[in-house]
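Subject: Structure for you to look at, with notes

Dear colleague,

Here is the structure I promised to pass on, and my notes on it come after it. Please read them with the structure open beside you.

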Amino acid sequence: MIKPKIVILGAGYAGLMTLTRLQKTINVNEAEIVLVNKHDYHYETTWLHHAAAGTLHHDRVRFNINNLIDRSKVTFIEGTVVEINTEKNIVQLENEELSYDYLVVALGGESETFGINGLKEHSFAIISVNAARKIRNHIEYQFATYHTKGEKTDDKLTIVVGGAGFTGMEFLGELTDRIPKLCKDYDIEENQVKLICVEATDSPLAGFDSDLVKYAMAYLESRGVQFKLNTRIKECKPGVVIVQSGEEEEEIKARTIIWSAGVRGSSVIDRSGFEADRGRVMVQPDLRAPGTDNVFIIGDCSIVLNKKDNSQYPPTAQIAMQQGITCAANLTKLIRKKTDLEAFVPNIRGSVCSLGENDAIGIVYGKKIVGPRALFMKKVIDNRALYMMGGASLVFKKGKLNLFS
């Protein structure tokens, strides 16, 4: 008897959660499982801001996929996905072609520039381990060369962050911890550094509790962050960002421009003919792509609606992991010829936004928390995610074991 073949594309939160659950539920003789990922490691997307600011080494935010794979059940292919042909049940990689009986598309997100001139060419995005490493090295280089003859200009120490969502605010928090250390290392007065956050809406952390947002803003402002609200980035040039507020335009000279205001789904979705909005597909309740019975789309590439107000759930790690659990359960049912597939229902326990190593804000089970309590919960959440993917051993290797500092 030929075993059905399950191909999982992507080892982010959604893909890896699907894989680890499938390993536990499917027997060796029930299905062949193939995991495809661009790198041989998974990285914690929610930790990239640490690596980008330089407050955590980039190796701490990633771990080897092979350590989580059951080799008797799973084949791992390190490769880049080019296109999916759902009519022929084929995935085209850069160097080979894969057939599948069931497909899980969990390719993650990409930076979305919204067509802003020069943004892609002249800014950085906190989108991967390598991108985070480049940002860290670039920022440190500006400080290291500040006193070099002919280099002592204000724009070298000006950092503009475009977007005040979770990534932008957490990155700013890490920068406020990192900059004093850089200034000390390179004999620079802290007041010479400018941290500017440009946000197109009237508030950071859109949709978050207003009292907590005010707390976060006040804290970051006290540490030197300047917020420009109701202001959008209009254009980027080498060393210059042009911003617009109403009819007024302003030119900010900055050697470091970080874009954190836009994430879209994978461009593979668009190339493969799925009906999508910026690389994201409105999936069916059971997480299958419309018009298919063997293709699941989860994580950043999926759109799930909140039935209460018909709004889209944000593409968070929390939701991606929950989708992975439902996807694995439904694949197991299909393999066993069952038709009563589960509908995905998100269970939003809350969210916490760190503001550096000494403060945070959050809502957990409906309760507002700030300061040490919020930092504690942030670490608990991070450790729990690691535990769900790799068990206690992964927590001990990569987790935040000191919960109280």
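The notes below go from the whole chain to single residues.

This is a predicted model, in which local features need pLDDT of at least 70 and side-chain atom pairs count only at pLDDT 80 or more, while totals for chains, interfaces and linings use all residues. Residues are numbered from 1 along each chain as its sequence is written, and side-chain values use heavy atoms, with hydrogens and water left out.

The whole protein

The protein has nine helices and 27 strands, where helices (H or I, at least four residues) and strands (E, at least two) are DSSP runs numbered from the N terminus. Its radius of gyration is 22 Å, which agrees with the value near 22 Å that a compact globule of 405 residues would have; the radius is taken over C-alpha atoms, and the globule rule is 2.2 Å times the number of residues to the power 0.38. Along its principal axes, the C-alpha trace spans about 70 × 45 × 45 Å.

Of the 405 residues, 53% count as buried, a word that here means under 20% relative accessible area, with exposed meaning over 50% and partly exposed in between (1.4 Å probe, protein chains only). The protein exposes about 19,200 Å², of which carbon and sulfur atoms supply 48%; these areas come from the Shrake-Rupley method with a 1.4 Å probe, and for residues only the protein chains shown count as cover. Among contacts (heavy atoms within 4.5 Å) between residues at least 6 apart in sequence, 66% join residues at least 24 apart.

As for charge, there are 50 positive and 50 negative side chains, and the centres of the two sets lie 5 Å apart. Lys and Arg count as positive and Asp and Glu as negative, without His and the chain ends, and each charge is placed at NZ of Lys, CZ of Arg, CG of Asp or CD of Glu.

Aromatic pairs

A search of the whole structure finds two aromatic pairs. Rings of Phe, Tyr and Trp (its six-membered ring) pair if their centres lie within 6.5 Å, and planes under 30 degrees apart count as stacked, over 60 as edge-to-face and the rest as tilted.

One of the pairs is formed by Phe114 and Trp259, which are edge-to-face at 6.5 Å centre to centre, with 75° between the planes. Phe114 lies in the loop between β10 (109–111) and α3 (119–122) and Trp259 in strand β18 (residues 256–259), so this pair ties together parts that are 145 residues apart in sequence. Phe114 is partly exposed at 46% relative accessibility, whereas Trp259 is buried at 9%.

Phe166 and Phe208 also form an edge-to-face pair, with 5.6 Å between the centres and 85° between the planes. Because Phe166 lies in helix α5 (residues 166–185) and Phe208 in the loop between β13 (194–198) and α6 (210–222), the pair ties together parts that are 42 residues apart in sequence. Phe166 is partly exposed, with a relative accessible area of 30%, and Phe208 is buried, with 16%.

Residues with positive phi

Most residues other than glycine have a negative phi. Leu205, however, has a phi near 50°; Leu205 sits in the loop between β13 and α6 and is buried, at 3% relative accessibility. Lys337 has a positive phi of about 65° and is found in the loop between α8 (317–335) and β25 (350–354), where Lys337 is exposed, with a relative accessible area of 71%.

Three further residues

For the residues below, the contacts listed leave out neighbours up to four places away in sequence.

Asp382, in helix α9 (residues 371–398), is buried, with a relative accessible area of 6%, and touches Thr46, Trp47 and Lys400.

Glu250, in strand β17 (residues 248–253), is partly exposed at 36% and touches Lys228, Val241, Ile242 and Val243. The C-alpha atoms of Glu250 and Ile233, 17 residues apart along the chain, are separated by 9.7 Å.

Gly79, in the loop between β5 (74–78) and β6 (81–85), is buried at 15% relative accessibility and is in contact with Val36, Asn37 and Lys38. Between the C-alpha atoms of Gly79 and Gly10, which are 69 residues apart along the chain, the separation is 9.8 Å.
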